[in-house]
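Biologist: Hello! Could you walk me through this model, one step at a time?

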Amino acid sequence: MSAFREEKRLLGRLDLGWWDARNPFWRYWGLQAAYMVLAVLIAGWVGLALFLYQALVAIWHLEIINYIEHYGLTRKHLGRDKYERALPQHSWNASHKVSNWILINLQRHSDHHVKPNRRYPLLQNYPAAEAPVLPFSYPTM
């Protein structure tokens, strides 16, 4: 389920429409628009083009990492847009010291599924018996 649809559902439970001012997406869209205006003010249309290119590269990297983190792993479908709770075996880990330093423990992704509120620098590693382990680091993969 997309984040926007989830927020729309949560607002609906409060009898509020998606257009209500309490919808955080207004803030997100406003910040994006402000940064685009700032890019134009600082560097003109070239600045806007570079900003949009940088955003595209950032989104691409995020999606590639998300793909690597979950490649080939599935959760049981429970019906009606419901899936089993994310467990350590639903994401790949890589316990390579240097790339974990560079990526702020992003490679300890299984712990993020178990404790989503735990900050990335504090994520714990799972043994191979509890969570799948990649043969190489995330950057290599």
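This is a predicted model: local features need pLDDT of at least 70, side-chain atom pairs count only at pLDDT 80 or more; totals for chains, interfaces and linings use all residues.

Biologist: Is A131 buried or exposed?

Modeller: Buried means under 20% relative accessible area. A131 has a relative accessible area of 2%, so A131 is buried.

Biologist: How far apart in space are A131 and R108?

Modeller: Along the sequence, A131 and R108 are 23 residues apart. In space, going from C-alpha to C-alpha, the distance between A131 and R108 is 9.9 Å.

Biologist: K115 is found in the segment after α4 as well. How far is K115 from L87 in space?

Modeller: K115 is partly exposed, with 43% relative accessibility. In sequence, K115 and L87 are 28 residues apart. Their C-alpha to C-alpha distance in space is 9.7 Å.

Biologist: Which residue meets D111 in a salt bridge?

Modeller: D111 lies in helix α4. Leaving aside neighbours within four places in sequence, its contacts are R118, L122, L123, Q124 and Y126. A salt bridge needs a side-chain nitrogen of Lys or Arg within 4 Å of a carboxyl oxygen of Asp or Glu. Here the distance from N to O is 2.6 Å, and the partner of D111 is R118.

Biologist: In that pair, is D111 buried or exposed?

Modeller: Let's take each partner in turn. R118 has 28% relative accessibility and counts as partly exposed. D111 has 2% relative accessibility, so D111 counts as buried.

Biologist: What backbone oxygen does the side chain of Q107 reach?

Modeller: Q107 is found in the loop between α3 and α4, and at 0% relative accessibility Q107 counts as buried. Not counting residues up to four places away in sequence, Q107 touches several residues, including W92, N93, S99 and Y138. At 3.4 Å, the side chain of Q107 reaches the backbone oxygen of H96.

Biologist: Now to the surface. Which residues form a nonpolar patch there?

Modeller: One member, L31, sits in helix α2, residues 24–70. L31 is partly exposed, with a relative accessible area of 46%. Together the patch has about 430 Å² of accessible area, and its members are L31, Y35, L38 and I42.

Biologist: What is the phi of D81?

Modeller: Most residues other than glycine have a negative phi. D81 is in the loop between β1 and β2, and at 64% relative accessibility D81 counts as exposed. D81 is not a glycine, yet its phi is positive, at about 60°.

Biologist: And what is the phi of I104?

Modeller: I104 has its place in the loop between α3 and α4. With a relative accessible area of 47%, I104 is partly exposed. I104 is a residue other than glycine with a positive phi, near 50°.

Technical notes. Residues are numbered from 1 along each chain as its sequence is written. Side-chain values use heavy atoms; hydrogens and water are left out. Patches are made of residues with over 30% relative accessible area and no salt bridge: like charges are joined within 9 Å, nonpolar side chains (Val, Leu, Ile, Met, Phe, Trp, Tyr) within 5 Å. Accessible areas come from the Shrake-Rupley method with a 1.4 Å probe; for residues, only the protein chains shown count as cover. Helices (H or I, at least four residues) and strands (E, at least two) are DSSP runs, numbered from the N terminus. Buried means under 20% relative accessible area, exposed over 50%, partly exposed in between (1.4 Å probe, protein chains only). A polar contact is a pair of N or O atoms within 3.5 Å; within protein, one must be able to donate a hydrogen and the other to accept it, and residues adjacent in sequence count only if both atoms are side-chain atoms. Contact means heavy atoms within 4.5 Å.
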